Amino acid sequence: MKLAATSPDARRAGMPQVRARSPEMRGLLLGLAGVLAFSLTLPMTRFAVAELDPWFLAFGRMAIAGVIAAVWLLATGATRPARNDLGLLAWSALGIVIGFPLLSSLALRHIPANHGAIIVGLLPFATALLAALVFKDRQPARFWIFAAIGSGLVIAFALRDSGNDATGATVSFGNLAMLGAVFAGAIGYVAGARLTTRLGGVAAILWALVFALPVTLPIALALTWVNPPHAGAAAWGAFAYVTLISQVVGFFAWYNGLALGGVARVGQVQLLQAFFTIGFAALLFGEHVSALTWLFALGVVATIALGRGLGARK
């Protein structure tokens, strides 16, 4: 691995490696902060949709985050994206601003957060697949073998729970909606990672939120007008979390972590997300987590780790 260049003063001080690695360390810490923020997204969403309509939850969080982003960009005088960034902005907005929040909100009306966490464990594989198909990021055959194994584990887990539930059709809808959320998230991640190299991590998510605002704000206002939301303070607190932390602050940390520490290295931190989510769902919201759920989570994470490790040696 090649170390970043260091200044003559740093070499004379005898600390070139420390200075060279400090951006990587900052990137890893920011990546971990982003993963911790995202880990609470599913439990908070599950908690909120118990009292709030999932459509309102999704579009409300998108719209409020979009307004905050617009104010931020105006206040800081941020540079506007170039014309050739608009395509990536559109895909990023479709994936992580609209697709993932909406589909996961719908899914979590029917499945628990710890169940959703297993399915979302496919997100790194889905992101790698799209990056390979769209941007021709090459991976060796063994990477795809482990990807297939991990996908098979998630499908088996989803089918097993559907078969054991008296409302199998409902659980199946939740599984399909969560799989759709994973696909949408992968689209947003791939486009957002490309945008980060051009705009920076903060600007990439802010502009994506603003780009979606002409769609999200009218829908959120219409939903509020037709069916005014009513919920307790705890549900509104969960709504505030997924709006401010999951939709804005978490992406600040995550995208900047990827930019500082490198996508391959910092991306490994996301392997912890399924365990964090399952743990938070159990500790904070009292969800029952079976030993089999932990085993499936471990299996999915292991296939991702092995697949990424092999992919890194291309």
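How many cavities of 30 Å³ or more does the count come to? The count comes to 2, where a cavity is a set of points, on a 1 Å grid over the protein atoms alone, at which a 1.4 Å probe fits but cannot get out.

## Basis of the model

This is a predicted model, in which local features need pLDDT of at least 70 and side-chain atom pairs count only at pLDDT 80 or more, while totals for chains, interfaces and linings use all residues. Residues are numbered from 1 along each chain as its sequence is written, and side-chain values use heavy atoms, with hydrogens and water left out.

## Overall fold and surface

The protein chain has 14 helices and 0 strands, helices being DSSP runs of H or I with at least four residues and strands runs of E with at least two, numbered from the N terminus. Of its 314 residues, 49% count as buried, that is, under 20% relative accessible area with a 1.4 Å probe and protein chains only, whereas exposed means over 50% and partly exposed lies in between.

With a contact taken as heavy atoms within 4.5 Å, 87% of the contacts between residues at least 6 apart in sequence join residues at least 24 apart. The accessible surface of the protein chain is about 14800 Å², and 69% of that area belongs to carbon and sulfur atoms; the areas come from the Shrake-Rupley method with a 1.4 Å probe, and for residues only the protein chains shown count as cover.

## The largest cavity

The largest cavity has a volume of about 200 Å³, a volume being the space filled by probe spheres set on grid points that are joined across faces, edges and corners. Its lining consists of 15 residues, of which Phe38, Thr41, Phe100, Tyr189 and Phe251 are the closest to its centre; lining residues have an atom within 4 Å of a point.

At least two lining residues of the largest cavity come from each of helix H3 (41-48), helix H5 (86-107), helix H9 (168-199) and helix H11 (233-261). By class, this lining holds 9 nonpolar, 5 polar and 1 charged, with Ala, Val, Leu, Ile, Met, Phe, Trp, Tyr, Cys and Pro taken as nonpolar, Asp, Glu, Lys and Arg as charged, and the others, Gly among them, as polar.

## The second largest cavity

For the second largest cavity the volume is about 120 Å³. Of the 14 residues that line this cavity, Val120, Gly121, Gln270, Gln273 and Ala274 are the closest to its centre.

Helix H6 (113-120), helix H7 (123-135), helix H13 (273-285) and helix H14 (291-311) each contribute at least two residues to the lining of the second largest cavity, which divides into 10 nonpolar, 4 polar and no charged residues.

Ser104 lies in helix H5 and counts as buried because its relative accessibility is 1%. The side chain of Ser104 reaches the backbone oxygen of Phe100 at 2.6 Å and that of Pro101 at 3.3 Å. Apart from neighbours within four places in sequence, Ser104 is in contact with Leu42, Thr45, Met178 and Ala181.

Leu106, also placed in helix H5, is buried, with a relative accessible area of 15%, and beyond its neighbours within four places in sequence it is in contact with Pro54, Trp55 and Phe173. The C-alpha atoms of Leu106 and Arg46, 60 residues apart along the chain, are separated by 9.5 Å. Leu94 of helix H5 is partly exposed, with a relative accessible area of 44%, and its C-alpha atom is separated by 7.3 Å from that of Ala184, 90 residues apart along the chain.

Key:
1 Å grid on protein atoms, 1.4 Å probe; cavity = no way out; pocket = protein on both sides within 12 Å on 5 of 7 lines; lining within 4 Å. Polar contact = N/O pair within 3.5 Å; in protein donor to acceptor, adjacent residues only side chain to side chain.
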